[in-house]
Structure formats: structure tokens, C-alpha cells
Amino acid sequence: MKYLFIFSFYIIFFSVLSAEKVSIYADCSAEIEKDCQSIKKTRARIMQCLLEKGKNISTKCQSSMDELSESSKEKSSQACKADMREHCTWIVPGGGRILKCLLKNEAKLSELCFAAMNEI
């Protein structure tokens, strides 16, 4: 039963994220090419890179980032709730600080959170 739940979660989680992924890659292609060439091209790492390095982000890219950020917070907060409590307790939310903390502790994350953070 537990595995059925986890499998169902993955199917729903990644099918929703796959539609969002296309938007961020398409809408921010110039910014990703300019500022984020050397990073692993996962949704979380691109978001963090653009938050940190992207000073001149187009309106279209910013809109896509805002949309993805809101939907990702809700989805990843469920997948990474225990990991956030364990590794990022003292981090003040906002500005991508929780995401940065989770990426910093990537090797210690639960399987579910790791999968959510490394969705391509």
C-alpha cells in the first residue's frame, strides 16, 4: 500500500511538473544560457541560479519564474517537509534561501525530496 501511494505521488507530481518545466526553459532560455551554463539543468538549480545571478531578467522569464515558484513551493514543501525541518530549521524563508539550503544539503535529502529537487 505504501509503495502504491509513493508511486501514485510520483506520477501526479512529475506529470504536473513536466508542463511547468517546458515553460521555464522556453521563457528563460536567454537568461539560462547567459547566467546558468555551468549548472546541472534541473528545475530547482535553474530557479536558484536565476534568483542569484539573474539581474536583467525579461518580463516573460520573471513571470514564468513567479508561476513556477508558487506551484513548486506547494508541491516541494510536501515532498521536502521533513528535510526542511531537519536541515533548514534556522533559515528565514524568502529569496530562495530554503531552496539554497536544500541544494546545499542535497546528499542528505530523503529519496522523495531528492527526486523533487532533481526533476529535470
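**Salt bridges, one by one**

Analyst: D27 and K60 form a salt bridge (a side-chain nitrogen of Lys or Arg within 4 Å of a carboxyl oxygen of Asp or Glu), and their closest N and O atoms are 3.8 Å apart. This pair links distant parts of the chain, for D27 sits in helix α1 (residues 2-27) and K60 in helix α4 (residues 59-79), 33 residues apart; helices here are DSSP runs of H or I with at least four residues, numbered from the N terminus. The model is predicted, so local features need pLDDT of at least 70 and side-chain atom pairs count only at pLDDT 80 or more, while totals for chains, interfaces and linings use all residues. Residues are numbered from 1 along each chain as its sequence is written, and side-chain values use heavy atoms, leaving out hydrogens and water.

K60 counts as exposed because its relative accessibility is 55% (buried means under 20% relative accessible area, exposed over 50%, partly exposed in between, with a 1.4 Å probe and protein chains only).

The structure holds three salt bridges, and another of them joins R45 to E106, with the closest N and O atoms 2.3 Å apart. R45 lies in helix α3 and E106 in the loop between α6 and α7 (111-117), so this pair ties together parts that are 61 residues apart in sequence. R45, at 22% relative accessibility, is partly exposed, whereas E106, at 16%, is buried.

E52 and K100 also form a salt bridge, their closest N and O atoms being 3.4 Å apart. Because E52 belongs to helix α3 and K100 to helix α6, the pair ties together parts that are 48 residues apart in sequence. E52 is partly exposed at 38% relative accessibility, and K100 is partly exposed at 47%.

Technical notes. Helices (H or I, at least four residues) and strands (E, at least two) are DSSP runs, numbered from the N terminus.
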